[in-house]
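Dear colleague,

I am handing over the structure below, and I would ask you to keep it open beside the text while you read.

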Amino acid sequence: MLRFQTRLLPTQLTAKTPLAQQTRLHTLCRLAGSADTIPHAKRPLPRSLKTAVHLACRYKQTSSVDQTPSAKDAANEHTGIRLTTSPATAQRDTPATRWRIQSQTPFVRLGKVYGDLSKDKLTGFVVLTAMAGYAVAPGAAQVGTLLWTALGTTLCSASANSFNQWIEVPYDAQMSRTRNRPLARHALAPLHALAFGVGSGIIGVGSLWVFVNPITASLGLANIVLYAGVYTAMKRTSIANTWVGSLVGAIPPLMGWAAATGSLDAAAWVMGGIMFAWQFPHFNSLAYTLRADYSKAGYRMMSVTRPRLNARVALRYSLLMFPLSAMLTYLGVTDTWFLADSSIANGFMAYCAYAFWKQPDGKRSRRLFFSSLVHLPVLLTLIMVHKFIQDRKRSLKQKDA
(Lines give C-alpha, C1' and ligand atoms only; values in the text may rest on other atoms or scores of the structure.)
Protein backbone atom coordinates (compact mmCIF):
# COMPACT_ATOMS: atom_id res chain seq x y z
CA MET A 1 0.00 0.00 0.00
CA LEU A 2 1.40 3.36 -1.00
CA ARG A 3 0.59 5.98 1.60
CA PHE A 4 2.28 9.32 2.02
CA GLN A 5 1.54 12.23 4.29
CA THR A 6 2.46 15.88 4.13
CA ARG A 7 1.53 18.97 6.12
CA LEU A 8 0.49 21.09 3.13
CA LEU A 9 -2.44 20.87 0.75
CA PRO A 10 -1.71 21.69 -2.89
CA THR A 11 -4.15 24.57 -2.61
CA GLN A 12 -2.18 26.01 0.33
CA LEU A 13 1.04 26.42 -1.63
CA THR A 14 2.27 29.90 -2.35
CA ALA A 15 5.29 31.37 -4.03
CA LYS A 16 6.96 31.60 -0.59
CA THR A 17 6.64 27.88 0.11
CA PRO A 18 10.15 26.36 0.31
CA LEU A 19 11.14 24.69 -2.94
CA ALA A 20 11.99 21.41 -1.18
CA GLN A 21 8.42 21.13 0.15
CA GLN A 22 7.01 22.03 -3.27
CA THR A 23 9.08 19.35 -4.94
CA ARG A 24 8.14 16.71 -2.36
CA LEU A 25 4.42 17.37 -2.62
CA HIS A 26 4.64 17.49 -6.40
CA THR A 27 6.31 14.06 -6.36
CA LEU A 28 3.70 12.55 -4.05
CA CYS A 29 0.80 13.95 -6.04
CA ARG A 30 2.19 12.56 -9.28
CA LEU A 31 2.88 9.20 -7.65
CA ALA A 32 -0.66 8.92 -6.30
CA GLY A 33 -2.16 9.81 -9.64
CA SER A 34 -3.51 13.12 -8.38
CA ALA A 35 -4.35 15.90 -10.81
CA ASP A 36 -3.06 18.47 -8.33
CA THR A 37 0.10 20.23 -9.39
CA ILE A 38 2.27 22.88 -7.90
CA PRO A 39 1.70 26.26 -9.49
CA HIS A 40 4.92 27.82 -8.24
CA ALA A 41 7.47 25.05 -8.88
CA LYS A 42 10.60 26.60 -10.34
CA ARG A 43 12.50 23.56 -11.65
CA PRO A 44 11.89 19.92 -12.68
CA LEU A 45 12.20 17.00 -10.31
CA PRO A 46 15.79 16.02 -9.46
CA ARG A 47 16.98 12.67 -10.75
CA SER A 48 17.21 11.05 -7.32
CA LEU A 49 13.51 11.76 -6.65
CA LYS A 50 12.63 10.54 -10.13
CA THR A 51 14.38 7.26 -9.41
CA ALA A 52 12.50 6.80 -6.13
CA VAL A 53 9.21 7.48 -7.85
CA HIS A 54 10.08 5.05 -10.66
CA LEU A 55 10.67 2.27 -8.15
CA ALA A 56 7.46 3.01 -6.27
CA CYS A 57 5.41 3.21 -9.46
CA ARG A 58 6.90 -0.02 -10.70
CA TYR A 59 5.45 -2.00 -7.82
CA LYS A 60 2.31 0.08 -7.30
CA GLN A 61 0.05 -2.41 -9.09
CA THR A 62 0.95 -5.19 -6.70
CA SER A 63 0.15 -3.06 -3.64
CA SER A 64 -3.14 -3.20 -1.80
CA VAL A 65 -5.52 -0.22 -1.91
CA ASP A 66 -6.77 1.36 1.29
CA GLN A 67 -10.29 2.77 0.88
CA THR A 68 -11.23 3.06 4.54
CA PRO A 69 -9.57 6.06 6.16
CA SER A 70 -9.59 5.97 9.95
CA ALA A 71 -11.28 8.48 12.25
CA LYS A 72 -7.88 9.88 13.11
CA ASP A 73 -7.25 10.58 9.41
CA ALA A 74 -10.61 12.33 9.16
CA ALA A 75 -9.79 14.43 12.23
CA ASN A 76 -6.54 15.53 10.60
CA GLU A 77 -8.25 16.41 7.33
CA HIS A 78 -7.70 20.13 7.79
CA THR A 79 -4.08 19.86 8.97
CA GLY A 80 -2.71 17.60 6.26
CA ILE A 81 -3.51 15.18 3.47
CA ARG A 82 -3.01 11.49 2.89
CA LEU A 83 -2.39 10.36 -0.63
CA THR A 84 -3.35 6.77 -1.38
CA THR A 85 -3.85 4.80 -4.52
CA SER A 86 -7.46 4.59 -5.61
CA PRO A 87 -9.19 1.83 -7.63
CA ALA A 88 -9.38 4.17 -10.61
CA THR A 89 -5.67 4.95 -10.35
CA ALA A 90 -4.82 1.26 -10.04
CA GLN A 91 -6.83 0.50 -13.17
CA ARG A 92 -5.05 3.27 -15.07
CA ASP A 93 -1.62 1.97 -13.98
CA THR A 94 -0.73 0.11 -17.16
CA PRO A 95 2.79 -0.53 -18.43
CA ALA A 96 2.31 2.33 -20.88
CA THR A 97 1.63 4.90 -18.17
CA ARG A 98 3.63 3.53 -15.27
CA TRP A 99 6.81 5.40 -16.22
CA ARG A 100 5.25 8.69 -17.27
CA ILE A 101 7.49 10.76 -14.95
CA GLN A 102 10.63 9.78 -16.87
CA SER A 103 10.72 11.59 -20.20
CA GLN A 104 12.40 10.19 -23.28
CA THR A 105 16.12 10.90 -23.51
CA PRO A 106 16.75 13.54 -26.22
CA PHE A 107 18.94 12.40 -29.09
CA VAL A 108 21.53 15.09 -28.35
CA ARG A 109 22.03 13.67 -24.85
CA LEU A 110 22.45 10.04 -25.88
CA GLY A 111 26.23 10.49 -25.96
CA LYS A 112 26.24 11.52 -22.31
CA VAL A 113 23.91 8.64 -21.42
CA TYR A 114 26.11 6.06 -23.15
CA GLY A 115 29.14 7.68 -21.50
CA ASP A 116 27.50 7.11 -18.12
CA LEU A 117 26.66 3.55 -19.13
CA SER A 118 30.30 2.85 -19.97
CA LYS A 119 31.50 4.71 -16.82
CA ASP A 120 33.55 7.13 -18.89
CA LYS A 121 35.73 8.34 -16.01
CA LEU A 122 36.64 4.81 -14.96
CA THR A 123 37.20 3.85 -18.59
CA GLY A 124 39.52 6.84 -19.05
CA PHE A 125 41.48 5.75 -16.00
CA VAL A 126 41.78 2.20 -17.38
CA VAL A 127 43.08 3.52 -20.70
CA LEU A 128 45.67 5.70 -18.94
CA THR A 129 47.04 2.72 -17.01
CA ALA A 130 47.22 0.73 -20.25
CA MET A 131 49.12 3.60 -21.88
CA ALA A 132 51.49 3.68 -18.91
CA GLY A 133 52.27 0.00 -19.52
CA TYR A 134 52.89 0.79 -23.19
CA ALA A 135 55.19 3.70 -22.32
CA VAL A 136 57.28 1.74 -19.82
CA ALA A 137 57.72 -1.28 -22.10
CA PRO A 138 61.02 -1.50 -24.00
CA GLY A 139 61.21 -0.73 -27.69
CA ALA A 140 60.24 2.13 -29.95
CA ALA A 141 56.63 3.30 -29.77
CA GLN A 142 54.48 3.10 -32.90
CA VAL A 143 51.70 5.66 -33.14
CA GLY A 144 49.32 3.36 -35.01
CA THR A 145 49.66 0.54 -32.48
CA LEU A 146 49.29 3.00 -29.62
CA LEU A 147 46.04 4.43 -31.02
CA TRP A 148 44.53 1.01 -31.74
CA THR A 149 45.47 -0.13 -28.23
CA ALA A 150 43.78 2.91 -26.72
CA LEU A 151 40.64 2.40 -28.83
CA GLY A 152 40.41 -1.32 -28.15
CA THR A 153 40.98 -0.87 -24.41
CA THR A 154 38.31 1.84 -24.31
CA LEU A 155 35.74 -0.39 -26.00
CA CYS A 156 36.58 -3.40 -23.82
CA SER A 157 36.20 -1.33 -20.66
CA ALA A 158 32.94 0.18 -21.93
CA SER A 159 31.62 -3.30 -22.66
CA ALA A 160 32.50 -4.64 -19.20
CA ASN A 161 30.93 -1.64 -17.47
CA SER A 162 27.76 -1.88 -19.58
CA PHE A 163 27.30 -5.55 -18.72
CA ASN A 164 27.91 -4.70 -15.06
CA GLN A 165 25.17 -2.06 -15.01
CA TRP A 166 22.80 -4.28 -16.99
CA ILE A 167 23.15 -7.02 -14.38
CA GLU A 168 23.08 -4.80 -11.30
CA VAL A 169 20.25 -2.39 -12.16
CA PRO A 170 17.92 -3.60 -9.32
CA TYR A 171 20.71 -3.04 -6.80
CA ASP A 172 21.99 0.21 -8.30
CA ALA A 173 18.52 1.69 -7.76
CA GLN A 174 18.86 1.07 -4.00
CA MET A 175 22.17 2.90 -3.55
CA SER A 176 22.48 6.66 -3.41
CA ARG A 177 25.81 6.53 -5.27
CA THR A 178 24.45 4.55 -8.23
CA ARG A 179 20.73 5.27 -8.44
CA ASN A 180 21.30 7.95 -11.09
CA ARG A 181 22.92 5.55 -13.52
CA PRO A 182 21.16 5.33 -16.91
CA LEU A 183 19.41 2.00 -16.38
CA ALA A 184 18.45 2.75 -12.79
CA ARG A 185 16.72 5.97 -13.80
CA HIS A 186 15.35 4.39 -17.02
CA ALA A 187 17.15 6.70 -19.40
CA LEU A 188 17.92 3.64 -21.56
CA ALA A 189 16.10 0.40 -22.20
CA PRO A 190 17.90 -2.72 -20.91
CA LEU A 191 18.02 -4.15 -24.44
CA HIS A 192 19.87 -1.05 -25.67
CA ALA A 193 22.41 -1.37 -22.87
CA LEU A 194 22.91 -5.07 -23.60
CA ALA A 195 23.35 -4.42 -27.30
CA PHE A 196 25.85 -1.64 -26.57
CA GLY A 197 27.85 -3.96 -24.31
CA VAL A 198 27.91 -6.79 -26.84
CA GLY A 199 28.76 -4.48 -29.75
CA SER A 200 31.55 -2.59 -27.99
CA GLY A 201 33.02 -5.86 -26.70
CA ILE A 202 33.10 -7.49 -30.14
CA ILE A 203 34.58 -4.41 -31.82
CA GLY A 204 37.10 -3.82 -29.01
CA VAL A 205 38.43 -7.38 -28.87
CA GLY A 206 38.33 -7.68 -32.66
CA SER A 207 40.31 -4.49 -33.23
CA LEU A 208 42.94 -5.54 -30.71
CA TRP A 209 43.25 -8.95 -32.37
CA VAL A 210 43.54 -7.61 -35.92
CA PHE A 211 45.50 -4.37 -35.44
CA VAL A 212 47.59 -5.09 -32.31
CA ASN A 213 48.20 -8.75 -31.43
CA PRO A 214 46.32 -11.79 -30.06
CA ILE A 215 47.86 -11.50 -26.57
CA THR A 216 46.45 -8.01 -26.06
CA ALA A 217 43.07 -9.09 -27.44
CA SER A 218 42.97 -12.10 -25.12
CA LEU A 219 43.72 -9.88 -22.13
CA GLY A 220 40.92 -7.52 -23.18
CA LEU A 221 38.46 -10.41 -23.41
CA ALA A 222 39.64 -11.74 -20.04
CA ASN A 223 38.99 -8.30 -18.54
CA ILE A 224 35.38 -8.33 -19.77
CA VAL A 225 34.72 -11.87 -18.55
CA LEU A 226 36.32 -11.35 -15.13
CA TYR A 227 34.58 -8.04 -14.46
CA ALA A 228 31.12 -8.75 -15.82
CA GLY A 229 30.96 -12.51 -15.34
CA VAL A 230 32.91 -13.18 -12.13
CA TYR A 231 33.39 -10.01 -10.10
CA THR A 232 29.81 -8.76 -10.56
CA ALA A 233 28.35 -12.09 -9.41
CA MET A 234 30.74 -12.48 -6.47
CA LYS A 235 29.85 -9.07 -5.01
CA ARG A 236 26.72 -10.60 -3.47
CA THR A 237 28.26 -13.89 -2.37
CA SER A 238 31.82 -13.49 -1.06
CA ILE A 239 34.27 -10.87 0.14
CA ALA A 240 36.78 -12.47 -2.26
CA ASN A 241 35.19 -10.27 -4.92
CA THR A 242 37.69 -7.55 -3.98
CA TRP A 243 40.63 -9.73 -5.05
CA VAL A 244 38.92 -10.54 -8.35
CA GLY A 245 38.22 -6.84 -8.92
CA SER A 246 41.86 -6.03 -8.20
CA LEU A 247 42.91 -8.64 -10.74
CA VAL A 248 40.72 -6.86 -13.29
CA GLY A 249 42.48 -3.60 -12.47
CA ALA A 250 45.90 -5.24 -12.96
CA ILE A 251 45.20 -6.30 -16.57
CA PRO A 252 45.33 -2.91 -18.42
CA PRO A 253 49.11 -2.35 -17.86
CA LEU A 254 49.69 -5.88 -19.15
CA MET A 255 47.64 -5.01 -22.25
CA GLY A 256 49.80 -1.95 -22.88
CA TRP A 257 53.03 -3.90 -22.38
CA ALA A 258 51.88 -6.75 -24.63
CA ALA A 259 50.84 -4.24 -27.31
CA ALA A 260 54.34 -2.73 -27.32
CA THR A 261 56.41 -5.92 -27.15
CA GLY A 262 54.15 -8.78 -28.19
CA SER A 263 55.04 -10.67 -25.00
CA LEU A 264 54.82 -10.50 -21.21
CA ASP A 265 58.14 -10.61 -19.37
CA ALA A 266 58.91 -10.24 -15.67
CA ALA A 267 58.76 -6.44 -15.66
CA ALA A 268 55.27 -6.56 -17.20
CA TRP A 269 54.01 -8.71 -14.33
CA VAL A 270 55.59 -6.29 -11.84
CA MET A 271 53.64 -3.44 -13.44
CA GLY A 272 50.50 -5.53 -13.15
CA GLY A 273 51.37 -6.33 -9.54
CA ILE A 274 51.68 -2.62 -8.73
CA MET A 275 48.19 -2.00 -10.11
CA PHE A 276 46.86 -5.06 -8.28
CA ALA A 277 48.23 -3.92 -4.92
CA TRP A 278 47.10 -0.32 -5.40
CA GLN A 279 43.47 -1.38 -5.81
CA PHE A 280 43.15 -2.42 -2.15
CA PRO A 281 43.91 0.84 -0.32
CA HIS A 282 41.96 2.67 -3.02
CA PHE A 283 38.82 0.52 -3.02
CA ASN A 284 38.78 -0.54 0.64
CA SER A 285 38.82 3.07 1.80
CA LEU A 286 36.01 3.93 -0.63
CA ALA A 287 34.02 0.87 0.40
CA TYR A 288 34.29 1.85 4.06
CA THR A 289 32.78 5.25 3.30
CA LEU A 290 29.97 3.60 1.32
CA ARG A 291 29.42 0.62 3.62
CA ALA A 292 25.85 1.65 4.47
CA ASP A 293 24.92 1.73 0.78
CA TYR A 294 26.59 -1.62 0.12
CA SER A 295 24.79 -3.16 3.08
CA LYS A 296 21.43 -1.81 1.92
CA ALA A 297 21.93 -3.32 -1.54
CA GLY A 298 23.05 -6.68 -0.14
CA TYR A 299 26.69 -6.62 -1.29
CA ARG A 300 29.16 -8.71 0.70
CA MET A 301 32.08 -6.33 1.05
CA MET A 302 34.83 -6.50 3.64
CA SER A 303 33.85 -3.04 4.84
CA VAL A 304 30.36 -4.40 5.68
CA THR A 305 31.00 -7.91 7.01
CA ARG A 306 34.59 -7.61 8.34
CA PRO A 307 35.60 -3.95 8.73
CA ARG A 308 38.78 -4.70 10.67
CA LEU A 309 39.98 -7.04 7.91
CA ASN A 310 39.11 -4.33 5.42
CA ALA A 311 41.55 -1.93 7.12
CA ARG A 312 44.27 -4.59 7.55
CA VAL A 313 44.16 -5.55 3.88
CA ALA A 314 44.44 -1.90 2.85
CA LEU A 315 47.57 -1.50 5.01
CA ARG A 316 49.05 -4.81 3.90
CA TYR A 317 48.93 -3.99 0.20
CA SER A 318 50.06 -0.41 0.79
CA LEU A 319 53.27 -1.84 2.28
CA LEU A 320 53.59 -4.25 -0.66
CA MET A 321 54.10 -1.24 -2.93
CA PHE A 322 57.67 -0.83 -1.57
CA PRO A 323 59.12 -4.17 -2.77
CA LEU A 324 57.15 -4.03 -6.02
CA SER A 325 58.63 -0.62 -6.83
CA ALA A 326 62.11 -1.90 -5.95
CA MET A 327 61.65 -4.77 -8.41
CA LEU A 328 61.49 -2.31 -11.30
CA THR A 329 64.96 -1.04 -10.38
CA TYR A 330 66.25 -4.59 -9.91
CA LEU A 331 64.99 -5.57 -13.38
CA GLY A 332 66.62 -2.53 -14.96
CA VAL A 333 63.43 -0.76 -15.96
CA THR A 334 64.28 2.35 -13.88
CA ASP A 335 67.45 3.81 -12.45
CA THR A 336 68.54 3.59 -8.81
CA TRP A 337 67.16 6.99 -7.84
CA PHE A 338 63.66 5.63 -8.43
CA LEU A 339 63.97 3.77 -5.12
CA ALA A 340 64.15 7.03 -3.21
CA ASP A 341 61.45 8.86 -5.17
CA SER A 342 58.99 5.98 -5.12
CA SER A 343 59.54 5.47 -1.38
CA ILE A 344 58.28 8.99 -0.72
CA ALA A 345 55.07 8.40 -2.69
CA ASN A 346 54.57 4.92 -1.26
CA GLY A 347 55.35 6.12 2.25
CA PHE A 348 52.66 8.78 2.17
CA MET A 349 49.96 6.32 1.15
CA ALA A 350 51.24 3.74 3.64
CA TYR A 351 51.04 6.35 6.42
CA CYS A 352 47.40 7.08 5.54
CA ALA A 353 46.69 3.34 5.44
CA TYR A 354 48.30 2.89 8.86
CA ALA A 355 46.15 5.67 10.33
CA PHE A 356 43.06 4.06 8.80
CA TRP A 357 44.05 0.65 10.23
CA LYS A 358 44.78 2.13 13.65
CA GLN A 359 41.40 3.84 13.92
CA PRO A 360 38.96 3.20 11.06
CA ASP A 361 36.54 6.07 10.62
CA GLY A 362 35.09 8.19 7.86
CA LYS A 363 37.73 10.91 8.06
CA ARG A 364 40.67 8.53 7.78
CA SER A 365 39.04 6.44 5.06
CA ARG A 366 38.50 9.55 2.93
CA ARG A 367 42.09 10.64 3.54
CA LEU A 368 43.36 7.25 2.37
CA PHE A 369 41.08 7.31 -0.66
CA PHE A 370 42.27 10.73 -1.82
CA SER A 371 45.89 9.84 -1.11
CA SER A 372 45.50 6.82 -3.41
CA LEU A 373 44.12 9.08 -6.14
CA VAL A 374 47.25 11.22 -5.90
CA HIS A 375 49.63 8.31 -5.39
CA LEU A 376 49.02 6.35 -8.59
CA PRO A 377 49.57 9.10 -11.19
CA VAL A 378 52.63 10.30 -9.24
CA LEU A 379 54.09 6.79 -9.12
CA LEU A 380 53.39 6.08 -12.81
CA THR A 381 54.97 9.41 -13.76
CA LEU A 382 58.05 8.60 -11.70
CA ILE A 383 58.34 5.21 -13.38
CA MET A 384 58.23 6.78 -16.84
CA VAL A 385 60.68 9.57 -15.91
CA HIS A 386 63.24 7.22 -14.38
CA LYS A 387 62.78 4.78 -17.25
CA PHE A 388 63.64 7.61 -19.65
CA ILE A 389 66.74 8.47 -17.57
CA GLN A 390 67.80 4.83 -17.55
CA ASP A 391 67.42 4.57 -21.32
CA ARG A 392 69.50 7.73 -21.78
CA LYS A 393 72.28 6.28 -19.64
CA ARG A 394 72.28 3.10 -21.70
CA SER A 395 72.42 4.97 -24.98
CA LEU A 396 75.36 7.10 -23.76
CA LYS A 397 77.24 4.00 -22.67
CA GLN A 398 76.69 2.42 -26.08
CA LYS A 399 78.03 5.56 -27.80
CA ASP A 400 81.12 5.62 -25.60
CA ALA A 401 81.77 1.97 -26.30
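Tyr288 is buried, because its relative accessible area is 9%, and buried here means under 20%, while exposed means over 50% and partly exposed covers what lies in between (with a 1.4 Å probe and protein chains only). The model is a predicted one, in which local features need pLDDT of at least 70 and side-chain atom pairs count only at pLDDT 80 or more, whereas totals for chains, interfaces and linings use all residues. Residues are numbered from 1 along each chain as its sequence is written, and side-chain values use heavy atoms, with hydrogens and water left out.

How many aromatic pairs does the count give? It comes to 14, where rings of Phe, Tyr and Trp (its six-membered ring) pair if their centres lie within 6.5 Å, and the planes count as stacked under 30 degrees apart, as edge-to-face over 60 and as tilted for the rest. One of these pairs joins Tyr227 and Tyr231, and it is stacked because the ring centres are 5.4 Å apart and the planes stand at 25°. Both tyrosines are found in helix H9, 4 residues apart, which is about one turn of the helix. Helices (H or I, at least four residues) and strands (E, at least two) are DSSP runs, numbered from the N terminus. Tyr227 is buried, as its relative accessible area is 13%, and Tyr231, at 9%, counts as buried too.

Tyr288 and Phe356 make an edge-to-face pair, with 5.3 Å from centre to centre and 80° between the planes. This pair links distant parts of the chain, for Tyr288 lies in helix H11 and Phe356 in helix H15 (residues 337–358), 68 residues apart. Phe356 is buried, with a relative accessible area of 0%.

Ser162 is found in helix H7, and its relative accessible area of 0% makes it buried. Leaving aside residues up to four places away in sequence, Ser162 touches Leu117, Ser118, Ala193, Phe196 and Gly197, where a contact means heavy atoms within 4.5 Å. The C-alpha atom of Ser162 is also 8.9 Å from that of Tyr114, although these two residues are 48 apart along the chain. Asp293, for its part, lies in helix H12 (residues 291–297) and counts as buried at 9% relative accessibility. With residues up to four places away in sequence again left out, Asp293 is in touch with Met175, Ser176 and Arg177.

Most residues other than glycine have a negative phi. Lys119, however, has a positive phi of about 50° although it is not a glycine. This lysine lies in the loop between helix H5 (110–117) and H6, and at 13% relative accessibility Lys119 counts as buried. His186 likewise has a positive phi, near 60°, and is a residue other than glycine. Its place is in the loop between H7 and helix H8 (190–211). Is His186 buried, partly exposed or exposed? His186 is partly exposed, since its relative accessible area is 31%.

Finally, here is the chain as a whole. Its secondary structure comes to 16 helices and 2 strands, and of its 401 residues 47% count as buried.

With kind regards
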